[in-house]
Amino acid sequence: MPLYAANKRKHLILALLFVFLFWLVTVQIKNGRLPILERPYLALSGFVERVVVWPFNTASAIGRRYLFLAGVERENEQLRKEVNELRIENGMADELLRENNRLREALQFQQQTPGSWLVAQIIGKDISPLSDTVTINRGTNDGIRKDLAVISPAGVVGRVAAASATSAKVVLLTDPDCTLAVMVRRNREEGLLEGNFVDCAVKYVSYYADIQQGDLLVTSGMDGIFPKGIAVATVTKVVKREASSFQTVRAAPTVPLSRLEWAMVLKP
Amino acid sequence: MKPRVYLLLVLALVPFQSALFRHLPAGPDLALAVVYAIGLLTGPAEGAVVGMGAGLLQDIGSDGLLGVLGITRGVIGLLAGVLGRRVIAVDSPALSLLLSFCGLLEGLVCTLFLQTSAGSLPLGDITLERLLPRAVLTGLVGWGLLAIVARRRVRTALMRPSLLRE
């Protein structure tokens, strides 16, 4: 009899736990994700991830610094960093030039000036079927906060979703939660890019809009997070259906997100 | 059940796997494999509780809704526990296949659930490029894990004495 009572209690607690989880999910469907324990968890996971990544970093640093020529390697690293920075500046300058030519006569043109950026290492990648996020080794101590843009020399990576003191969670471009305003670089047709785990989909592109396979999509700056003119994705598929007033557009990110080791966080 | 062992295992495992497999497009899900193994070894209640804990932790670490993985992993832990009562050899390859199937099914359920808020998602592409490779890798990792767990010493470290006597 006592064993039966203990089992009954155990089953009741289990059932209550399941009911609680269902309730938690239902509440969030109405009100959006609850940021419960996000920061403490991020701090803890950031610590464990640093510990795991440390031997790889050390081994790679030893390999680069001592097995090869130390001076040349350091200079190479510096040059690589400068090239990356110049590539971004060049891309933005090119975009500004095109825009300037097109809108020379327009009044009240607001010149976009990129703020400073911070280089961060990717120290973890979330293994969950529900989202596509990575952890970076920079946090609020370095001035990182929610909704800052994260880019790489090849284009947009994602945006900061949450930050603890020493690490931050970045929602990647391929996550359905990551939405950004884009335009076709060739003809300025606009759309809304949304991740779908595999690549991205461009929504609200008019049926009559001229968009072709191979077109480069750049940020339009309309979302208030990403500065204008940063490469985002390349159009891979365009489908027009008579029944719909919008085209179905798929695009592949310009950044190889799964092989990403470093990224830059744009600070305003 | 040794709650402290499980708590430490789950707390360390989720960030550990995210750091270790950070460069893989679809890395194996160690946490799922561990939940499954614990469920098989201990029982439905223990498996469900560990599953819920691990899932909730992964939910906090991800950007999805809190509790979704808690529910799915809780159910997987529960089913593994029920199955564990009827299994003689925990390192059987059939159990690893079942783990792969559980991983795939969980991924499909989560994707279908996401469609309610994120709109239409390319289910076929997601399954082929993301869910299936992950499920296969999880099954393989699970096979190795169950082979380790099948050893008596490891089993003693994980299980409470009353369960061992059973």
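A pocket, on a 1 Å grid over the protein atoms alone, is an open set of points with protein on both sides within 12 Å along at least five of seven lines; a cavity is a set of points where a 1.4 Å probe fits but cannot get out, and lining residues have an atom within 4 Å of a point. Helices (H or I, at least four residues) and strands (E, at least two) are DSSP runs, numbered from the N terminus.

Some ground rules. This is a predicted model, where local features need pLDDT of at least 70 and side-chain atom pairs count only at pLDDT 80 or more, while totals for chains, interfaces and linings use all residues. Residues are numbered from 1 along each chain as its sequence is written, chains are lettered from A and ligands numbered from 1 in the order in which they are written, and side-chain values use heavy atoms, with hydrogens and water left out.

The largest pocket has a volume of about 1,100 Å³. Volume here is the space filled by probe spheres set on the points, and grid points are joined across faces, edges and corners. The lining counts 32 residues, and the closest to the centre are A:Arg80, A:Asn84, A:Val119, A:Glu261 and A:Trp262. Four elements of chain A give two or more residues each: helix H2 (38-67), helix H3 (70-102), strand S1 (116-125) and strand S12 (262-267). Which of them gives the most to this lining? H3(A) does, with 8 residues.

Next, the second largest pocket. About 610 Å³ of space lies there. Its lining has 26 residues, and A:Gly32, A:Arg33, A:Asp177, B:Asp63 and B:Leu65 lie nearest the centre. H5(B) gives the most, with 5 residues. By class, this lining has 11 nonpolar, 6 polar and 9 charged residues.

On to cavities. Rolling a probe the size of a water molecule over the atoms shows where empty space is left. How many cavities of 30 Å³ or more are there? The count is 4. The largest cavity has a volume of about 140 Å³. Among its 19 lining residues, A:Tyr41, A:Glu49, A:Asp126, B:Ser18 and B:Gly61 are closest to the centre. At least two lining residues come from each of H2, S1 and strand S2 (133-136) of chain A, and from each of H1 and H3 of chain B. The classes are 6 nonpolar, 9 polar and 4 charged.

The second largest cavity holds about 100 Å³. It has 13 lining residues, with A:Pro129, B:Asp29, B:Gly103, B:Glu106 and B:Arg134 nearest the centre. H5 and helix H6 (123-149) of chain B each supply at least two.

Now the barrels in chain A. In one, 6 strands close in the order S1-S2-S5-S4-S3-S12, with antiparallel pairing. The twist averages 45° from one strand to the next. Two strands pair if DSSP finds at least two bridges between them. S1(A) and S2(A) run antiparallel and are joined by 3 bridges. A:Ile122 stands opposite A:Ile136 in S2(A).

Another barrel has 6 strands in the order S6-S7-S8-S11-S10-S9, again antiparallel. Here the twist averages 40°. Strand S10 (residues 231-239) and strand S11 (residues 246-253) of chain A pair over 6 bridges. A:Lys237 faces A:Arg250 in S11(A).

Last, helix packing in chain B. Helix H1 (residues 3-20) and helix H3 (residues 44-61) pack at about 35°, with their axes 10 Å apart. Axes are lines fitted to C-alpha atoms, for helices over the stretch in contact, and angles run from 0 to 180 degrees between N-to-C directions. Contact means heavy atoms within 4.5 Å. On the H1(B) side are B:Tyr6, B:Val10, B:Leu11, B:Val14 and B:Gln17; on the H3(B) side, B:Val50, B:Gly53, B:Ala54, B:Leu57 and B:Gln58. That contact has 7 nonpolar, 3 polar and no charged residues.

Terms used:
Nonpolar A, V, L, I, M, F, W, Y, C, P; charged D, E, K, R; others polar.
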